[in-house]
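Me: Hi! Could you take a look at this one with me? I'd like to chat about what's inside it and how some of it packs.

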Amino acid sequence: MKRFATLFLLLSPWFILNAQDIESPAQQAASVLQVREGYRLDLIASEPLITDPISARLDRQGRLWVVEMPDYPSGPLNGNHPAGRIKILEDRDADGTFDQATIFADQLLFATGVQPYRDGAIVTLAGRIVFMRDVDDDGTADETTVWFKGFAEQNQQLRANHPMLGPDGLIYIANGLRGGKIEAVDPRFDQKPTPLDLRDRDFCFDPDGTWWGVVAGKSQFGMTIDDFGRRIGCSNRNPAMMTPLTLQAVDRDPWLASRDAIHNVALAAEKSRVFSRANAWTTSNLHSGQFSAACGVLAAGMEDDSGEWLLTCEPTAYLVQRQRMNRSGSVWNSHREESEQEFLSSSDTWFRPVDATVGNGQSVIVVDMARAVIEHPDFMPIELKSRPDQMDGRNLGRIWKITPLNTDESHQRLDRLDQAFQWLSSNSPWQRQVASQLILESKDVDETLLRSIIQSQDSFRGQARAAWILHRRGRLLPEDTDSLAKSPHARLRALAVNLSRELDNGVALAIRSSSDSDPLVLRAAAASLAGMSDHPTQRIDGMVAIALATNDLWTMRTLGAVDPALLKGLAAKLAQVDIKHPELLNRLIQRMSVDDPISAATAIAQKLKNRKLETLEEATTSDLLDCLEAWFVGTKRGRRSPKQILSMLDDADRMTLVTALETTGKAVGNTSAPADWRARAISIANETGHLPKQLTHLLDADSPPPVRIAILPILLRQDPQGTRDYLVNKLMGMSVSLRSATVSACSRSAGDTLWLLTKIEDGSIPKTVVDPTTAKRFRQHSDPEIRALATGLLRSAPDRVAVLQRYAVSATQLGDAKLGKKLFMEHCSACHQIDGQGTNVGPDISDTRTKTAESLLTSILDPNAAIDASYIQYSVLTLDGRVLDGLLIDESSGAVTLQQKGGERITVSRQDIDMMQAPGISLMPEGFEQTMDSSAMSHLLAYLKNWRYLNTSIPGTLQTPQSTP
């Protein structure tokens, strides 16, 4: 579908212009863009100079390197060569707009990022990292060398991307989410015995050769690094995230996974907010007004009078959001500015910002792919995967520049090394970046100039970059870090600790820093002290001091990942003091319990030595239970019996733990204790043999749901017949969570599973208590009797099968979506919402990404075939004779809350309830076929599948906006 502004003008009889007055498509796009007050927006490049840009980088000469991806999303057309390109744009007449493009490299298959470096560029593309060298300095690559291979290639949105030079001289690569098995191809790099697994990690390497490996992080498309080496990435639902933990720390703690190193800087998923000026199509209704395609995050040290800020692109909402950054403890958090207007936004639905990078001066550059469709076919329903407009806009592309008003943009190029030293202390992030790169690439550097920058204190960001450069060159001295450690800027003090780890003063500086008042410095000191095992006494003393000084979460996690050689000593010391974050000791005990449960139990006994463990009040304190649970979980993971370990302790320690466990067991019946505490206590006391008998009453309706869920599997073992009788009588009056727990408990043994299926067969229990996943497991059970029963019972009723067969044509021949909308409003909107119309009572049916028309038809005509446990109908009979039906959305020991059709919520006191039952049927009734024939059903299905595209003549395509041809 091609768009022509001239056609629009000709069709408007009241709008007559001369040819020279007709705006270009890019100018039309600019006319509907809004930028935050106090900034100027300039179009600095557009088609035909560039098309389909996805990433850009401004080099020290003021040239803009642009990565183009015309083949998105499905690859080269009609067997042609790949059309991907990297162009170098230049502003020859210095008017602020790029006017010349040189093709640096072409016929590239899905290039995803470029980092200009030395006499060429580092490029990510087609599962590889390559270096493209411009031998004769004519702006065109003459040689291509593959450095690494093995990056995942399944989806163009989910590939390794954004190679970026950090201030440490290393190149960082965003994972792309799909990872890969990485191998070094170029012999300059270390050879590893097996490919490196990139799952849930980002990639990093030394561009000069030798070292390469993985680093903490999991960025999808985009990455940003500031002067201190703070790396922030993003993913669709996470607009900004950082990694306070290193992978080395994760590897030391067996209870951590790579993703545990990630901290969400910005509010993510349903907590995020975006304000689109146009109708923003999201895959799910539930994602409306939220980040759903966050990319191109930028936090390179941009500041104004209000402090530091970051940008994140959101192409599905046609905007770039700015968030204010503040440090919270040892990590950063960011929040959207309090304004309904986004930093940059458009009412044009072809505005697709996908990347942001720093520009000259204080400016930022936004890359606009300018496509009709940005969503990849992988995330579309089957019938839309070949929609005809997927490549509309492949001849378009814009790059915008946003500049604060009244700022100096006079410095456009960096040509001399002496100038680079001056730029290190600039207030321009771009100038600092390119200055740092030039010095890193230079062989002969005056180190005294770098040290003078460190000493000058003119710019704390410049000091950081100078220190990184000396560190990269292996010339950073202890006196350099000692000088930084005296800075009034906490970030410099933290950097001093980080950079001194391999220096002679590393341990001493970390210990001195353990008395710092700033959490960021304390986390740096904790990482330094916890990461090695030499000087154990000094290291442990320093870590204890940190634990006493702060309760910062990430600092505690860092200490919790202490080197295994220091684990026992640190736990023993912390057990003797009152630290601000008791979870730290529990983590150490949990780790230690795997291999040395006796020492872990001794540490617990030391901690509990002066506690009055016999009292109920003391037993129900959360830290006591946390401590016991940590020991119990660790011991079980080490395949040791907690009972056996208790018998191996000395008399005093054993008596302390036994008393604590006995009192904990008695306290499970304490109704004044928190419900979740009682549920956890039940599990621990039962496993250690300290749970009292005769606890059937804990299943009663007045017990909190967590307690009932915890006691149920235990009672099934202790009193199987009595518990089964109870379930037959009470199961359908239980909450969704308790019914699910019942099915889960029954599935643990063949006998209980067979009993459950037998009761379903004789009608005592409805089959709908079994969720689809469990039903499948039952049908595939190793026991032939269970398998046969489940196969016969857990399937659609015969009459429903006949109805589905009769209506099958409705799913294969979709009707008119506009007529379907009227049917939806008439028959479905009381319980479902689409496009802001209706009520969210039932499941979200706007998410058609993975739902075929056939599956939707089944959900409509056979709603009880596979019910989401959250949407089973409840019926409440009150003492005054009322019958109330609806979804159970809240339950306590005192009341239940139902949500009825239309969205009304009714709360009923348990004192007013005569009976509550869940008949095991969906809130969606059977018999929908009685309200519409197959023709009407085809219209309804057409609406459910294509409601986003009602304004187009082609189902599954976007409406062509008039603002952009």
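This is a predicted model: local features need pLDDT of at least 70, side-chain atom pairs count only at pLDDT 80 or more; totals for chains, interfaces and linings use all residues.

Me: Which element gives the most to the lining of the second largest cavity?
Reply: E18 does, with three residues. Strand E18 (231-235) and strand E19 (238-242) are the elements that give two or more residues to that lining. Strands here are DSSP runs (E, at least two residues) and helices are too (H or I, at least four), numbered from the N terminus.

Me: What counts as a cavity?
Reply: On a 1 Å grid over the protein atoms alone, a cavity is a set of points where a 1.4 Å probe fits but cannot get out, and lining residues have an atom within 4 Å of a point. A volume is the space filled by probe spheres set on the points, with grid points joined across faces, edges and corners.

Me: And how many cavities of 30 Å³ or more?
Reply: The count comes to four.

Me: Which residues lie nearest the centre of the largest cavity?
Reply: Arg 57, Met 164, Met 223, Ala 356 and Thr 357, out of 15 lining residues. Strand E27 (353-358) is among the elements giving two or more residues to this lining, and E27 has the largest share, four residues.

Me: How does that lining divide by class?
Reply: Into eight nonpolar, five polar and two charged residues. Ala, Val, Leu, Ile, Met, Phe, Trp, Tyr, Cys and Pro count as nonpolar, Asp, Glu, Lys and Arg as charged, and the others, Gly among them, as polar.

Me: Switching to helices: at what angle do H18 and H20 pack?
Reply: Helix H18 (residues 622-637) and helix H20 (residues 651-666) pack at about 115°, with their axes 11 Å apart. Axes are lines fitted to C-alpha atoms over the stretch in contact, and angles run from 0 to 180 degrees between N-to-C directions.

Me: Roughly perpendicular or roughly parallel?
Reply: H18 is roughly perpendicular to H20, because angles of 65 to 115 degrees count as that.

Me: Who makes the contact?
Reply: With contact meaning heavy atoms within 4.5 Å, the residues include Trp 631 of H18 and Thr 664 of H20. The contact residues divide into seven nonpolar, one polar and no charged.

Methods. Residues are numbered from 1 along each chain as its sequence is written. Side-chain values use heavy atoms; hydrogens and water are left out. On a 1 Å grid over the protein atoms alone, a cavity is a set of points where a 1.4 Å probe fits but cannot get out, and a pocket is an open set with protein on both sides within 12 Å along at least five of seven lines; lining residues have an atom within 4 Å of a point. Angles under 35 degrees count as roughly parallel, over 145 as roughly antiparallel, 65 to 115 as roughly perpendicular and the rest as oblique.
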